[in-house]
Amino acid sequence: MNSWHTDYHSPNRGLSFEISESQYRESSPYQTIEIVQTPEFGKVMLLDGVLMLTEKDEFVYHEMLCHPSLLTHPQPEKVLIIGGGDCGTLKRVLQHPAVRKAVQVEIDEMVSRVAKTFFPQLYEASQDPRAELRFEDGIAYLKDKASEFDVILVDSTDPVGPAEGLFRMSFLADCHKALKADGILCLQSESPWIDALQPIIRQVHLDLSSLFPIVKPYTAAIQTYQAGLWLFQMASKQFSPLLLEPERLEAISRLDCRYYNSGIHTAAFFLPEFVRQILR
Ligand code: SAM
């Protein structure tokens, strides 16, 4: 008989789904990694019981974390990904012909090893000669970096454990320092529906606004993530995502996306009123 898993978003709510087979479960020094097969979402990766990605809809999160920033920067040659060990973000970064180097800094090597076995369609991006995979703490990695990257993408777990520091001012300031004079930073910024996360979302927004002249939060509808609405925050030193030349917007159609398109590129930055109030 199939079992059920509940991914708890707070003590009072969660997403439940049926599991047809448990395929992998191991603990690394950082977290417990599980792969389960589900009738609804295909293969699912859980970290400490929290849903990270599903075969069915990983494209939404990964396209929306990567493409708006890489389209906004006119020449994103050197890109840094913090976290993202499954390589789903890396795969989308490498779709951009301007990218010459993509460094992925994931704290937990076991996440990438598991992705190699269970999500080869994502992990294969790591074989691209432009990709460099490093396994270390992204916070420590950035400490001595200056004016090196065109784009930094933070593809982190929720703000607990090793990812907690990825939501703090000191890390955001290190990202700012590691970016070139026209660089762009984009962070996954959690679900605005989860009450306990709203102060963190607001603080990240305030911190980014004190560091960067252009800060543009945007949303995506992700059915398997907490409450189905996800926030990202793009912070830019020079380029605005809302002032793209027509030929850059046209380039979106060549990316072969399943969620992101030129209409969404603009529409995603128009926030629901309750989200605007959280950020105010
Ligand atoms: N890309 C995924 C998705 O579809 O939602 C999920 C996120 S990815 C698996 C998040 C990764 O961030 C985890 O593998 C975790 O180990 C990594 N991580 C957490 N804290 C980190 C840190 N301080 N430095 C580097 N990586 C970190």
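This is a predicted model: local features need pLDDT of at least 70, side-chain atom pairs count only at pLDDT 80 or more; totals for chains, interfaces and linings use all residues.
**Arg-100.** I looked up what Arg-100 touches: leaving aside neighbours within four places in sequence, it is in contact (heavy atoms within 4.5 Å) with Glu-77 and Arg-130. Residues are numbered from 1 along each chain as its sequence is written, and side-chain values use heavy atoms, with hydrogens and water left out.

How far apart are Arg-100 and Glu-77 in sequence and in space? I get 23 residues in sequence and 5.0 Å from C-alpha to C-alpha. Arg-100 sits in the loop between helix 2 (88–93) and strand 8. Helices (H or I, at least four residues) and strands (E, at least two) are DSSP runs, numbered from the N terminus. Buried or exposed? Arg-100 has 60% relative accessibility, so it counts as exposed. The cut-offs are under 20% relative accessible area for buried, over 50% for exposed and partly exposed in between, with a 1.4 Å probe and protein chains only.

Next I followed strand 8 (residues 101–106), which pairs with strand 9 in the parallel sense over 5 bridges. Two strands pair if DSSP finds at least two bridges between them. Glu-106 has Phe-135 in strand 9 as its bridge partner.

Both strands belong to an open sheet of 7 strands, ordered 9-8-7-10-11-13-12, with mixed pairing. Strand 9 (131–135) and strand 12 (214–221) are the edge strands, each pairing on one side only. On average, neighbouring strands here are turned by 15° against each other, direction ignored. Helix 6 (residues 169–178) lies across strand 7 (78–83), strand 10 (149–155) and strand 11 (179–188), and runs at about 140° to strand 11. For such angles, axes are lines fitted to C-alpha atoms, for helices over the stretch in contact, and angles run from 0 to 180 degrees between N-to-C directions.

**The hairpin.** I then went to strand 1 (residues 3–10) and strand 2 (residues 13–19), which pair in the antiparallel sense over 7 bridges. A hairpin through 2 residues joins them. Trp-4 stands opposite Glu-18 in strand 2.

**Helix 1.** Last, I checked helix 1 (residues 58–72): at 1.5 Å a residue its 15 residues should span 21 Å, and the end C-alpha atoms are 22 Å apart, which agrees. The expected span is 1.5 Å times one less than the number of residues. I found 15 of its 15 residues buried. Where is the kink in helix 1? It lies at Met-64, about 30°, shortly before the proline Pro-68. The bend is the angle between axes fitted to the seven residues ending at a residue and the seven starting there.
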